[in-house]
Each structure stands twice: as C-alpha cells, then as structure tokens.
Amino acid sequence: MFARNKIDNTQVLSSMKAKHQRYEALVKAFHADIFRYAYWLVKDKSVAEDIVQETFLRAWRSLDALNDEKAAKGWLITILRRENARRFERKQLELVDIDDVFIHDDTQQAEGDIKERELHRLLGTLSIEYREPLILQLLFGFSGEEIATQLDLNKNTVMTRLFRARNQLKEALEKQNQHRGQANG
Amino acid sequence: MDELEFRRRIYADPNTTDSDLVAAANADEKKRAFWQEQKVLDSKLKQTFKVDVPEDLASKLIWQQSADEFSRYKKRSRWYVAIAASVAFAVGISFTMLQQQSISLGDHALAHMQYADVEESHSLLPVDLNMVNAKLASFGASFDTMIDGVEVANYCHLSTVQSLHLIVDTPQGKMSVFVVPSRDNFKVPSEFEDDSFHGESFKMQQANIIVVGNKGSDLSTMKDAVANRIQFSA
C-alpha cells in the first residue's frame with residue numbers, strides 16, 4: 001500500500017513539475033504579445049498589466065484544458081478577451097471613454113519619432129472593432145480566417161474591417177500632413 | 001482588376017502573395033507604389049503596436065502562479081486537517097462508548113442478580129452435570145465434575161453477549177457464575193459492585209468467568225472451584 005502511494009506521489013510530483021514547466025514556457029513565449037494586446041484593448045498600461053495577470057492566472061488554473069500547443073496563442077487571447085469583458089462589466093460605471101480624452105500619451109517618450117507618436121495616437125482613436133483585427137494581423141500574424149475564428153466573425157467582415165482600419169489611418173495621416181503643410185506654409 | 005478592388009485587397013492584407021495582385025502591380029506603376037506605401041505603413045504600425053512590456057512582467061506572472069498554488073495547497077491542507085480532526089473525534093467518541101459498553105457488562109451481571117430469585121422458581125428439576133455441560137458446549141467448554149449446589153443453569157444475555165448463568169447455593173449464600181465467551185468488542189471488568197452484590201471475573205482460554213455474590217462474601221472459593229473444573233476443548 002505504501003509502495004503504491006509512493007509511486008503515485010512521484011507521478012503527481014513529476015506531473016506537477018511538467019505543468020510548471022509548461023506554464024513557464026507559456027509565460028515566456030507569449031507574455032509580451034499578450035500584454036501588448038491587452039494594452040491596445042484598454043490603452044492603459046497598468047490596467048493592461050492587471051488583465052494580463054488575471055489572464056495567466058486563469059490559464060494556469062485550466063492549463064490541463066490546453067491540449068494543443070499550437071492553439072496556445074488563440075487560447076490565451078480568448079481568456080484575455082473574456083477577462084477584459086468581465087472587467088468592463090465590473091467597472092462600467094467608473095470608466096470614461098478613453099477615446100474622448102486620449103490627448104496625451106505619457107508612455108511614449110517625447111523625443112520619440114514624431115511619426116510613430118502620431119501613429120500611436122491614431123491607433124488609439126480607431127474604434128476597437130477596427131483596431132482588434134489589425135492587432136491580430138500585425139502582432140500575432142493571424143490570417144483573415146484565423147482572425148475570423150478568434151473573434152467569432154465572418155471572414156468577409158474581418159477583411160472589410162481591416163480595409164477600413166487602414167483606410168482610416170491613411171486618411172488621417174494625409175489630413176495631418178495637409179495641416180502641417182498649411183501651418184508650415 | 002480595377003483600382004478600388006486592388007486597394008481593398010491590399011488594405012485587407014498588404015503582405016498578400018496572391019498572384020493576380022502581383023500581376024496587377026507589375027502592370028501598373030501607380031498600384032505598385034500604393035502597395036509599397038502600404039507595406040511601409042504596415043511595418044510602422046507593427047513597430048507602434050510593439051509597446052514596451054514591463055520588465056518584470058514575466059517574473060510576476062510566474063510568481064503569482066506559485067503564490068496561487070501555495071494558497072490553494074494551504075486551503076487543501078486545512079481541509080485535510082479538518083478531516084483528520086473529525087476522524088480523531090469520531091474515534092474518541094466511539095472508544096468512549098465501547099468503554100462504557102464493556103463497563104456495563106458488569107452492570108448487566110448485577111442486574112441479573114435481581115432476577116435470580118424469580119428464575120430460580122422456574123426450575124423444578126434438579127440440575128445435573130450433563131445439563132450444565134450441554135449448555136456449556138456452545139462455549140466449547142465443559143465441567144469435569146459438578147460444582148456443589150448448582151440450582152439453576154440458564155442462558156442469559158449480558159448486554160448483547162450470550163452467556164451461561166449458574167445460580168449456586170453456597171454456605172455464604174447464593175452466588176452466580178456467568179460464563180461469557182471472549183470477544184474483542186467488549187471488556188469484562190475484573191471487579192464491580194453495587195449496594196447488595198459484588199462481583200469478580202477472571203479470564204480463561206476461551207471465556208470470561210464472572211462470579212457474583214452477596215456483598216462481603218468471599219468469592220475466591222467459587223472462583224477456584226470453577227477454574228479447577230472447567231475444561232476447554234481445543
């Protein structure tokens with residue numbers, strides 16, 4: 001009886017060890033991009049950090065449910081989006097629509113490339129349904145079909161949103177250049 | 001391919017390698033320029049998306065996982081402690097009850113003494129050795145010679161234990177001898193008493209012998225008498 005327990009214990013221990021290693025690998029591989037995704041969802045670094053912590057805590061607790069390592073990215077994004085929705089439900093009353101007050105972005109250094117700062121601001125002004133597919137495409141390298149699956153949308157809808165997102169950005173950039181041209185001239 | 005369709009598809013995915021788009025771009029310098037412009041914008045967007053990640057984030061994530069595991073482990077062990085405490089409590093309770101049960105075996109013997117007179121009146125026939133041995137047989141025991149003065153030999157129950165009750169007339173008054181099979185689930189007290197009787201017991205191979213007599217009477221003669229005569233088969 002004791003011998004059997006011992007075997008069981010070592011099995012449990014080694015499977016715990018394997019789970020830890022899996023979790024750490026998951027953190028190392030994805031925490032940066034998951035954080036960026038969260039940042040571009042909420043446009044606030046400390047809130048993004050909170051969401052990422054919640055996301056990885058949930059991921060740890062249900063790590064056994066992740067069978068396919070290739071699906072890890074999508075799995076984490078799904079948890080992250082759910083976590084964000086939950087936070088939004090909780091704090092709906094406290095939130096101000098950041099689009100309205102998004103004038104300064106403290107996270108960017110003042111001496112940074114002027115073009116990149118503008119782009120950063122413009123990305124922030126894009127509505128979330130345009131910004132999110134763009135993040136998935138550029139940050140995670142998802143194809144149109146993968147984005148559609150991840151966001152539970154029709155592929156045509158995804159392509160249209162990607163098109164509109166870039167179109168809006170380009171128009172906004174052109175408008176700014178015009179303004180600057182006028183101001184300079 | 002018209003201009004709008006071309007732009008729509010490039011906007012949707014500037015890194016596409018669709019052959020018809022490539023062909024259209026090769027045929028039209030304006031389209032090629034537009035595509036190039038989009039690719040440049042895209043690489044800038046990629047850079048912009050890559051905001052700085054807090055340096056210690058990965059360590060925090062690993063730390064909070066082990067903290068979570070530890071707090072869950074603590075909760076779990078608290079649960080185990082609770083179970084262990086319950087088991088210990090139950091064992092304690094049942095042990096006490098068993099103790100009480102075995103103590104009451106003496107009390108049961110005393111209680112039987114109260115009815116000894118009533119039982120005596122039922123027995124019209126004299127008790128002989130064969131009759132006593134027939135009854136002792138179920139305990140795997142027998143007497144080799146008869147004890148003097150046996151008036152009654154009857155089965156009775158002390159608590160839940162079947163035993164043989166002998167009522168013996170002696171110079172010191174009526175005495176009772178109980179033959180109780182040995183079992184693990186009860187204990188026979190070696191001495192017990194109440195207001196009018198006292199009893200003593202001793203253990204033999206397969207049975208406990210309890211002798212009860214009037215208060216103050218000497219039970220050792222009867223104890224010796226039983227011990228010398230009783231035999232156990234195998």
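In the largest nonpolar core, which has 39 residues, Ile34(A), Tyr37(A) and Ala38(A) touch the most other members. A nonpolar core here is a set of buried Ala, Val, Leu, Ile, Met, Phe, Trp, Tyr and Cys residues joined through C-beta atoms within 7 Å. Buried means that 20 or more other C-beta atoms lie within 10 Å of the residue's own; exposed means 12 or fewer, and partly exposed lies in between, with C-beta atoms placed from the backbone. The model is predicted, so local features need pLDDT of at least 70 and side-chain atom pairs count only at pLDDT 80 or more, whereas totals for chains, interfaces and linings use all residues. Residues are numbered from 1 along each chain as its sequence is written, and chains are lettered from A and ligands numbered from 1 in the order in which they are written.

Helices (H or I, at least four residues) and strands (E, at least two) are DSSP runs, numbered from the N terminus. The largest share, ten residues, comes from α1(A). Ile34(A) touches Val52(A), Thr55(A), Leu76(A) and Leu80(A), with residues up to four places away in sequence left out. Contact requires C-beta atoms, placed from the backbone, within 7 Å. A second, separate core holds 32 residues, including Leu105(B), Leu136(B), Leu164(B) and Val226(B). In soluble globular proteins, nonpolar side chains tend to be buried together.

The contact between the chains takes 32 residues from chain A and 25 residues from chain B. On the chain B side, α1, α3 and α4 (57-114) each supply at least two residues. α3(B) gives the most, with nine residues. By class, this side of chain B has twelve nonpolar, five polar and eight charged residues. Nonpolar covers Ala, Val, Leu, Ile, Met, Phe, Trp, Tyr, Cys and Pro; charged covers Asp, Glu, Lys and Arg; the others, Gly among them, are polar.

Chain A has eight helices and zero strands. Chain B has seven helices and eight strands. Of the 185 residues in chain A, 24% are buried. For chain B, the buried part is 23% of 234 residues. Among contacts in chain A between residues at least 6 apart in sequence, 58% link residues at least 24 apart. In chain B, residues 24 or more positions apart make up 55% of the contacts with a separation of 6 or more.

Conventions:
Contact = placed C-beta atoms within 7 Å.
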